[in-house]
Amino acid sequence: MAAYEIFKDLAIIIIFAKFFGILARKLKAPQVVGEIIAGLLIGPSLLGLVSASDFLVQMAEIGVVLIMFSAGLETDLKELMKTGPKAFLIACAGVFIPLIGGTLLNIAFYGGAAVGSLEFYKSLFIGVIMTATSVSITVQALKELGYLKGTVGTTILAAAIIDDIIGIVVLTFVISFKDPNQSMSKVVISTILFFVFSLIVGFIAYKIFKVVDKKYPHTRRIPIAGLALCLAMAYIAEKFFGIADITGAYVAGIILCSIRDSDYIAEKMDINAYMMFGPVFFASIGLKTDITSFSTEILIYSIAFVIVAMITKIIGCGLMAKLCRFNKMDSLKIGVGMMTRGEVALIVSQKGLSVGLLEPVYFTSVILLIIASSILTPVLLKLLFSKAPESTASVEA
């Protein structure tokens, strides 16, 4: 493909994503719903105007990194520390229940219940895919609703980060049965080292930014340096520690969330995300979906896969939130907010394909889950918050 062809693809994505985003907002739905539908419409399944090229995939990756960086910048660090223990328990339940549910679903359809057989590990891997949470869409929806900094929003973000880490450990554990070279201890050590590294680098970066921010307040050099820190942390997380790049980006946002100009940095990041990278990311979810390859059997399995994946997240995270003394409505909000799947599920699925634990034909089931959860989560969150706006007493005394 000629290099200039990408300009046509970007123009189509931006026009369709913004048109359907505005249409969604007019219909009282979050903009991201419209952008995802736009990607499905212009993708290979329907109009075939744009295909998911490597360049667009990389653009989408930048988009999700910027979204998570902005989420970190807008996080109330004190609230995060306060919700940390509860978020850990919610994340654990949000991994365990979908893991069991996905495994049982695959066994119910295809058998392979004999522990130790390849079929059993393939079923277990379906459960691993379901453990992955991607809150990029939840973040965008909560930002639009104005509840990102609240107790519910902060709990969801914190739980999602912990969920990602646990998911990586579980993924490595399951793959270790297929690949003896994988080491559980190595993953655990790498994860611990990443957060130790983040604490050290974060403390130094915070002090430097605080001094620069005091000397040159509200200048463009602050968000430029912040963006550099975001991209560096995303790269270091993936390259040297095996942690998802979005976790590194979010940590970079956390590092800077307490400086005076954090809102100014977030404002500049939102310009980039709103104009190009955000629409490309959300539209890319639709672009990757090819519903024409579905057979009746795969379609039935995919529908069951989607239902089990979403319900087990709501049950696992929601019930644990209730046990952590959130009220019923906020527990439901947390469960719904944690049910989105996105780039992490795709990464896990690709890994499964590469090691022979996932058949290529079932990759479309994962795409359908991403589409369904990405559309339903913002709509349900909007409905739940409209019925019961978050109050300061979301945790029962």
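Trainee: Leaving aside its neighbours within four places in sequence, which residues is Phe 69 in contact with?
Mentor: Keep in mind that this is a predicted model. Phe 69 is in contact with Gly 226, Leu 227, Cys 230, Ala 249, Ala 252, Gly 253, Leu 256, Ile 265 and Met 269, once neighbours within four places in sequence are set aside.

Trainee: And which residues touch the most other members of the largest nonpolar core?
Mentor: Phe 69, Phe 125 and Phe 305 do, in a core of 122 residues. Helix α7, residues 151-178, gives the most to this core, with 15 residues.

Trainee: Let me step back. How many helices and strands are there?
Mentor: The protein has 15 helices and zero strands. Its radius of gyration is 20 Å, close to the 21 Å that the globule rule gives for 397 residues, so the protein is as compact as a globular protein of that length. Along the principal axes, the C-alpha atoms fill a box of roughly 65 × 50 × 45 Å.

Trainee: What share of the residues is buried?
Mentor: Buried residues make up 55% of the 397. As for contacts with a separation of 6 or more, 81% of them are between residues 24 or more positions apart.

Trainee: Is Asp 163 buried or exposed?
Mentor: Asp 163 counts as buried because its relative accessibility is 0%. Lys 313 is buried as well.

Trainee: What else is Asp 163 in contact with?
Mentor: Apart from Lys 313, and leaving aside neighbours within four places in sequence, the contacts of Asp 163 are Ala 91, Gly 94, Val 95, Thr 131, Ala 132, Thr 133 and Met 338.

Trainee: How many salt bridges does a search of the whole structure find?
Mentor: Five. One of them joins the side chains of Glu 35 and Lys 18, at 3.5 Å from N to O. Here too the pair links distant parts of the chain, with Glu 35 in helix α2 (residues 31-42) and Lys 18 in helix α1 (residues 5-26), 17 residues apart. Glu 35 counts as buried at 4% relative accessibility, and Lys 18 counts as buried at 15%.

Trainee: What about Asp 9 and Lys 8?
Mentor: Their side chains meet in a salt bridge too, at 3.9 Å from N to O. Asp 9 is buried, with a relative accessible area of 4%, whereas Lys 8 counts as partly exposed at 42%. Salt bridges that share partners join Glu 5, Lys 8 and Asp 9 into one network.

Trainee: Which residues form a nonpolar patch on the surface?
Mentor: Val 188, Ile 192, Val 196, Ile 200, Phe 203, Ile 204 and Ile 208 form one, with about 650 Å² of accessible area together.

Technical notes: Residues are numbered from 1 along each chain as its sequence is written. This is a predicted model: local features need pLDDT of at least 70, side-chain atom pairs count only at pLDDT 80 or more; totals for chains, interfaces and linings use all residues. Side-chain values use heavy atoms; hydrogens and water are left out. A nonpolar core is a set of buried Ala, Val, Leu, Ile, Met, Phe, Trp, Tyr and Cys residues joined through side-chain atoms within 4.5 Å. Buried means under 20% relative accessible area, exposed over 50%, partly exposed in between (1.4 Å probe, protein chains only). Helices (H or I, at least four residues) and strands (E, at least two) are DSSP runs, numbered from the N terminus. Contact means heavy atoms within 4.5 Å. A salt bridge is a side-chain nitrogen of Lys or Arg within 4 Å of a carboxyl oxygen of Asp or Glu. The radius of gyration is taken over C-alpha atoms; the globule rule is 2.2 Å times the number of residues to the power 0.38. Patches are made of residues with over 30% relative accessible area and no salt bridge: like charges are joined within 9 Å, nonpolar side chains (Val, Leu, Ile, Met, Phe, Trp, Tyr) within 5 Å. Accessible areas come from the Shrake-Rupley method with a 1.4 Å probe; for residues, only the protein chains shown count as cover.
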